[in-house]
Amino acid sequence: MRNVITRSEKTYKKTLYLCIVLILLFFTSFFCFYFLFSKFLFQSNNSKSISYNNETTKASISNYSLGLAKSAVSIDQKAFNTVSKNIKLSCSANAINQLSNDGIKAENAFVNDGKKTVFLTFDDGPSTTVTPQILDTLKAYNVHGTFFLVGQNIQLNNNSVTLVHRIYNEGNAIGDHTYSHDLRALYPHNKLDVNVFMNEVDKTQNLLKGILGQAFFTRVIRMPGGYMSRVYYKDPCLTAFNNILRKRNMVSIDWNSYGFDAEGKWKNSNEIFSYIKSTIGTKNKVVILMHDTYGKEETAKALPRVIEYLKSQGYEFKTLK
């Protein structure tokens, strides 16, 4: 008996096959689209992550205070590590703030380009008494400074550790001012001990890394007493010292304006301001030495007048890197 396929059955089968083909096309297109979209989304997010990490890394890429207390008591190491761990949680955001910090390489600070530029620098901190006042003033006037920190003072207490974070977070630059600031240890017999000096620089550098993250590095150092004092005494070790700095992409910088807030007799804020003003003179490039260690409250009081004077004279405020 022959199978007879009616026209309606043929139409039905064609319609069924067509539906199956359309359904297969639909699902194939859907999965292809989903795969391509997922790949694009992954690449986009990955690109953003890489960009952020690169920016964070880039960001990681910037005297006479003879009475620094040698008997400073170090904080408990466990407490120090705890504070440091908590601080690290927001270091990535802080690094981004550093990107907006328009710093100038320290070796170019005194290069005359026809512009009036000033660098506010603060030595021997941080201190829990003076550094916060300095930071409040800088923030109020919307300017930044460069803080040359002493490792021993960083470790003095938990609040000092937090202040390092605040200095960095608010867009200021950080320099290395050795660990002890002990002139007898750094310059025995009035001669630079290069190994001792660089070990102290590294010790402070490692403290800063412990607080701000391992990517942090400051290439700017300031010698206690100043590089100029080593030149004055014709220190025979300066050549070796300079070679080490060059190999490590580091630079030492002094100053050409000073309030004498850590030399001679005690001075009030008016006297400190007068000294700074007179030592600025008519210079276009000015690096001002001030101190934010303990007992320098008069320096903090003088700072607003210093900033207002500099602004009135048309100086642009920069940091060192």
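A: Happy to! Keep in mind that this is a predicted model. Let's start with E107, which forms a salt bridge with R219; their closest N and O atoms are 3.1 Å apart. E107 sits in the loop between β1 (103-104) and β2 (117-125), while R219 sits in the loop between α8 (194-212) and β5 (220-221), so this pair ties together parts that are 112 residues apart in sequence.

Next comes R166, which pairs with D136 in a salt bridge whose closest N and O atoms are 2.6 Å apart. Since R166 belongs to helix α6 and D136 to helix α4 (residues 131-140), this contact ties together parts that are 30 residues apart in sequence. D136 is partly exposed, with a relative accessibility of 45%.

R166 also meets the side chain of E170 in a salt bridge, at 2.7 Å from N to O. E170 is partly exposed too, at 22% relative accessibility. Together, D136, R166 and E170 are linked in a network of salt bridges.

Helix α6, which spans residues 158-169, also holds Y168. Y168 has a relative accessibility of 2%, so this residue counts as buried.

As for the overall tally, the count comes to 10 salt bridges.

Methods
Residues numbered from 1 in each chain as written. Predicted model: local features only at pLDDT ≥ 70, side-chain atom pairs only at ≥ 80, totals over all residues. Heavy atoms only, no water. Helix = DSSP H or I, 4+ residues; strand = E, 2+ residues; numbered from the N terminus. Buried < 20%, exposed > 50% of the residue type's maximum accessible area, 1.4 Å probe, protein only. Salt bridge = Lys/Arg side-chain N within 4 Å of Asp/Glu carboxyl O.
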